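Please read the briefing below alongside the sequence and the 3D structure, which are shown first. The notes are grouped by topic.

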Amino acid sequence: MPPAYPAACSVGQWMPVPEINELALGGRFHAYWPARCSVGFVPVPVAIGVAILLLLTALVAFRLVAVWWKYLGDRVITCPENHRPAGVTVDSRRAAWSGVARTPRLRLSACSRWPEMAGCGQECLSQIEASPEGCLVHRILVDWYAGKACASCKRPIGEIPPAGGKPALLLGDGFSVEWEQISAELLPETLATAKPICFACHMAQTLVREHPELVVDRHLPGDQASNR
Ligand code: SF4
Ligand SMILES: [Zn+2]
């Protein structure tokens, strides 16, 4: 007959070891050695099972995010059909789900040659599989700016910030444009002739072009300095 201790044993209360052991057999309270009362005791196998489940969930989540991130973004490839550059986008969510436990199965969600070529075999995917990052528009531009200086102020372009003021492209006609204004399929031939221009010079040039009435030309001598 176990002693009637349950009401006297509360969480965290110290009790004599023999009494705790009696309660641990079938009472509401369980004993953790050396002799401390506790409730909600989780059997070791269950605790291990929960830990393994949490670990597997974390691994799957990590793999999903990693694959999704890897295939995110616009890319430039050479279309095998006409051997010209084309802008494509991988369905990164589909790639992530298909790649949880194996090599991701890639499909495109957009191509600059669609809808005319919609229904093609997407043979260009082999280029993305071979070099997922090498054909990323962002990576192509970062590599292109590396080591270059602004064509206007001659200062080094330097590191390109992940957000905010990015350098622009100075085109052959003297106009500067932002990256987003160049469609992916035109990027290779645009970069072949464009020059780099820093964010500050691009902003200044844009202001002169779009709001000449707000600009004062200080290069004009004395009283000739005025709004253009
Ligand atoms: S999706 Fe088709 S049309 Fe577009 S680049 Fe790839 S192979 Fe060419
Ligand atoms: Zn500059």
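Predicted model: local features only at pLDDT ≥ 70, side-chain atom pairs only at ≥ 80, totals over all residues.

Of the 14 residues around ligand 1, those that come nearest are C79, C111, M117, C120 and C124, where a residue is near a molecule or strand if its C-beta atom, placed from the backbone, lies within 6 Å of it. Residues are numbered from 1 along each chain as its sequence is written, and chains are lettered from A and ligands numbered from 1 in the order in which they are written.

**Ligand shell**
- By residue class, the shell around ligand 1 divides into ten nonpolar, one polar and three charged residues, with Ala, Val, Leu, Ile, Met, Phe, Trp, Tyr, Cys and Pro counted as nonpolar, Asp, Glu, Lys and Arg as charged, and the others, Gly among them, as polar.

**Nonpolar core**
- In the largest nonpolar core, which has 24 residues, I77 and I197 touch the most other members; such a core is a set of buried Ala, Val, Leu, Ile, Met, Phe, Trp, Tyr and Cys residues joined through C-beta atoms within 7 Å.
- The elements that give two or more residues to this core are β3 (74–78), β4, α3 (92–98) and β6 (168–170).
- At least three residues of this core come from each of domain 2 (43–130) and domain 3 (136–228), the bounds being those of an automatic or database domain assignment.
- Leaving aside residues up to four places away in sequence, I197 touches C150, A151, S152, P167, A168, L169, L170, S176 and H202.

**Fold and burial**
- The protein chain has seven helices and eight strands, taken as DSSP runs (helices H or I, at least four residues; strands E, at least two) and numbered from the N terminus.
- Of its 228 residues, 16% count as buried, meaning that 20 or more other C-beta atoms, placed from the backbone, lie within 10 Å of a residue's own, whereas 12 or fewer make it exposed and counts in between partly exposed.
- E129, in helix α4 (residues 125–130), counts as exposed because it has 12 C-beta neighbours inside 10 Å.

**Confidence**
- The protein chain averages a pLDDT of 82, and 75% of the residues score at least 70, pLDDT being the predictor's confidence in each residue, from 0 to 100.
- Over residues 1–7 pLDDT stays under 50, as it does over residues 224–228.

Notes: Contact = placed C-beta atoms within 7 Å.
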